[in-house]
Amino acid sequence: MDVETENVIKMMSYNFNARDRISEHLFINSFIMLYFSADAWKENPDFSLYLTKLGSFGVEQLSKEPDRLNEEKSSVLEQTQELACTNYKTFIQTAECSREIFKQFNNTEQRLDSLLTKLPEFSQRCQEFSKASSDINTHRRLNSLTLTRNAQLLEILELPQLMDTCIRNGNYEEALELAAYVRRLGKKHGQIPIIASIVKDVEVAWLSMLHQLLAQLRTDLQLPRCLQVVGYLRRMELFSEAELRLKFLQARDTWLQNFLSAIPKEDANHHLSKTIELSRIHLFNIVTQYRAIFSDDDPILPLPKDQNINESAIFYSWITEKVSQFLSTLEQDLNRGVGSSLDSIIGQCMYFGLSFSRVSADFRGLLAPIFIKIISRNFEHAVRKASKKFEQDIENFTLPKVPQTSVLKNTSAQSTKQEHPPQCLLEFYPLADYCNGILTAFNELRLCAPIAVADNATNQLKESLSGVARSTLAFYRQEQQALTQIEKDHFTRFCAYFAEELLPYIQKCLHAIFPPTVIASHLGVTVQHLQKEGLTYFDQAAILDPISHLLPVKVEPLPIPTTYSSIQLQQDASQAGQPDSGAAKLSNSDEAELQPSTVSLSSSTLEDINQLQESLGNLDFSSREEIKINHF
């Protein structure tokens, strides 16, 4: 054999010997560990049997026993070596398997440790999964229940929409029932979000229903509809009784104010007439509706202290405010002027106040001061306008420079029931124009002449007539140096006509409008007392005092009766128009004083006064071509 082959054989022998030694060592160690370990032989039944057998041996057997054991040991050892040599591959595989098993056991131990660390998290995840699966199961069960009760749930979900539909269609009875049902549902299941949402939506619709009902009260409603609407508001229980009364009055007042504000305001007469008519009709309807809906009787059950409200005062406070508002509108429109319709306005207002007396709200007593104030102001304005016009006319007046015949005053053909102004006044257009202005004021006053205006009207006429006298004196003082004798005669006649014709005629017209007998009967005094106090009577001496020295002196004083018959007026006017031979002519110096004529007043009979009142509507002047005079 070559060297290489020998080396291989040696190496294989060495490896075989090494393997034999390792196998033997492993086998012996394993056997010893298995059969002779302290724990093993104690529990081994063969060991116990062997000890029992030893106990039965004699001395000779016991002395031979070690040798036998050695021989048996050697035999076993040889058998073991032979077995190891024969099955060394098996032992090697067993060792490798043991090593692999040991390695696997280590890996298994590590993985078990890792498993033990992850077991709590795994347990928690399992619990979460169990809970999630339980919730899913619960939701599935609820969904199944929801599916089975889909129709009932759909009805509940559609409650807000159904509520809106009922309100839009005016089915308030059904809307109230739905709202009551939803409130009960909210009290029972208010913790459920969907139920809370439904309750909230229904409350929104509830408020829209409230606004819609209040808006209906702001429209033109009849009593049955008002009863229905207020009944719905009561059932809604959103207002107390006092608040409901206030809401009703506020809503109806808003409708009334919108109605009144729509009246055109350009024409004061039309605006006031429509305001009176509409206020009377609609205010009375509102009061009737209020009385039918609300009772002002004392409640049977006592109210709580915090609700002890005088509910009747609410209505009367409101009606007082409406009356005050009407009076304010009345005064504003009267100040703007209503022309000749004042008597019609007064009649409408008095009927308005009379109709409200049926609801214990008669306000006719509040109308009198307003109309008295307006009538007095209008009369004062007309008189002042006539006075101012006279002042302008007298400044531009020129006395005739040639003698003129007196104006004829034959009125015998006229009816005795008609009294016309003295025709002689047409000779001097300032007096005629002034008389026309005063008659215009009288004609306006005649339409509505309350007794309370008599004193103010008398004072205004006194002041105006005194102003005419002063203006006449100023004219004379300005022109006296340039006056000719003929002009002085005309001026004397001018003053005589003023004192003897115009002044008594205005006094007569004043008595026709304010008969002294009627005023005396109203005041409970005599006519002589009225004359003494100057009520509807002029103090002619005081009025004529500025021009008393310019009046002609007569042999006998000319009486100026308060009331003339038609024939007496014609005779007096004729005498006043004729020249008086006994009259003294004015001197060139204005310092020469002439004796004033004596003036006396006599009371007229009621029949003459009534006749004069009937004829006062026909008071007018005929115009001349050269002088423009107002007509009535």
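W318 is found in helix α13, which spans residues 311-336; helices (H or I, at least four residues) and strands (E, at least two) are DSSP runs, numbered from the N terminus. The model is predicted, so local features need pLDDT of at least 70 and side-chain atom pairs count only at pLDDT 80 or more, whereas totals for chains, interfaces and linings use all residues. Residues are numbered from 1 along each chain as its sequence is written, and side-chain values use heavy atoms, with hydrogens and water left out.

The relative accessible area of W318 is 8%, and the residue is therefore classed as buried (buried, under 20% relative accessible area; exposed, over 50%; partly exposed, in between; 1.4 Å probe, protein chains only). Not counting residues up to four places away in sequence, W318 touches L249, D253, L283 and I286, where contact means heavy atoms within 4.5 Å. W318 and L249 lie 69 residues apart in sequence, and their C-alpha atoms are 7.6 Å apart in space.

T458 is placed in helix α17 (residues 454-479). This residue is also buried, with a relative accessible area of 0%. When neighbours within four places in sequence are left aside, T458 is in contact with L510, G534, T536, Y537 and F538.

In helix α5 (residues 88-148) lies L116, which counts as exposed because its relative accessibility is 55%. L116 forms part of a nonpolar surface patch of about 490 Å², together with L112, L115, L119 and F122. Patches are made of residues with over 30% relative accessible area and no salt bridge, like charges being joined within 9 Å and nonpolar side chains (Val, Leu, Ile, Met, Phe, Trp, Tyr) within 5 Å. A salt bridge is a side-chain nitrogen of Lys or Arg within 4 Å of a carboxyl oxygen of Asp or Glu. Accessible areas come from the Shrake-Rupley method with a 1.4 Å probe, and for residues only the protein chains shown count as cover.

C97 is partly exposed, at a relative accessible area of 44%, while C226 is buried, at 0%. With a disulfide taken as a pair of cysteine sulfur atoms within 2.5 Å, the count comes to zero disulfides.

Over the whole protein, there are 23 helices and zero strands. Of the 632 residues, 36% count as buried. Among contacts between residues at least 6 apart in sequence, 78% join residues at least 24 apart.
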